[in-house]
Amino acid sequence: MPVGILAILAVTALHGTFAADPQATLYALLAGSVTAGVHLAFGRRTILSVGIGTAVYVVLVNAF
């Protein structure tokens with residue numbers, strides 16, 4: 001069940017990003033990939049992976 005909830009949340013968040021700023025699509029996909037990579041690399045720690053993925057997205061959107 002948590003995987004389904006996270007999938008729905010991710011789809012909803014990405015849809016809002018794509019509609020609001022099409023140029024941020026690449027940043028959102030990159031941050032999602034980082035989140036998945038951190039999640040798998042560091043023992044499936046959800047808070048850590050979501051935190052790092054969010055930080056990557058914020059840095060990319062604000063830096064470029």
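The expected span of a helix is 1.5 Å times one less than its number of residues. Keep that rule handy for the helices below, which are DSSP runs (H or I, at least four residues) numbered from the N terminus. You're looking at a predicted model, where local features need pLDDT of at least 70, side-chain atom pairs count only at pLDDT 80 or more, and totals for chains, interfaces and linings use all residues. Residues are numbered from 1 along each chain as its sequence is written, and side-chain values use heavy atoms, with hydrogens and water left out.

**Helix α3**

- With 18 residues, α3 reaches 25 Å from its first C-alpha to its last, close to the 26 Å expected at 1.5 Å a residue.
- Which residues of α3 are buried? They are Ser49, Gly53 and Leu60, where buried means under 20% relative accessible area, exposed means over 50%, and partly exposed is in between (1.4 Å probe, protein chains only).
- Look down the axis of α3 and its buried residues fall within an arc of 30°, so they line one face of the helix. That arc is taken from the directions from the helix axis to the C-beta atoms.
- Over on the other side of α3, you'll find Ile47, Val59, Asn62 and Ala63 exposed.
- The buried residues of α3 pack against α2 (25-41), with contact meaning heavy atoms within 4.5 Å.

**Helix α2**

- α2 has 17 residues and a reach of 24 Å from its first C-alpha to its last, close to the 24 Å expected at 1.5 Å a residue.
- Its buried residues are Tyr27, Ala28, Ala31, Thr35 and Val38. They cover an arc of only 95° around the axis, which puts them on the same side of α2.
- Leu26, Leu40 and Ala41 are exposed on the other side of α2.
- What covers the buried residues of α2? The cover includes α1 and α3.

**Helix α1**

- α1 (residues 2-20) has 19 residues and reaches 27 Å from its first C-alpha to its last, close to the 27 Å expected at 1.5 Å a residue.
- This helix is hardly covered: among the 19 residues of α1, the count of buried ones is one.

**After α2**

- Gly43 follows α2 and has a positive phi, near 75°.
- Arg44 sits in the loop between α2 and α3, and its phi is near 55°, a positive value in a residue other than glycine.
- Is Arg44 buried or exposed? Arg44 is exposed, with a relative accessible area of 58%.

- Phe42, Leu48 and Ile52 make a nonpolar surface patch of about 240 Å².
- Patches are made of residues with over 30% relative accessible area and no salt bridge, joining like charges within 9 Å and nonpolar side chains (Val, Leu, Ile, Met, Phe, Trp, Tyr) within 5 Å. A salt bridge is a side-chain nitrogen of Lys or Arg within 4 Å of a carboxyl oxygen of Asp or Glu.
- Accessible areas come from the Shrake-Rupley method with a 1.4 Å probe, and for residues, only the protein chains shown count as cover.
- Leu48 belongs to α3 (residues 46-63) and counts as partly exposed at 34% relative accessibility.
- Val50 and Gly4 are 46 residues apart in sequence and 16 Å apart in space, C-alpha to C-alpha.

Terms used: Helix = DSSP H or I, 4+ residues; strand = E, 2+ residues; numbered from the N terminus.
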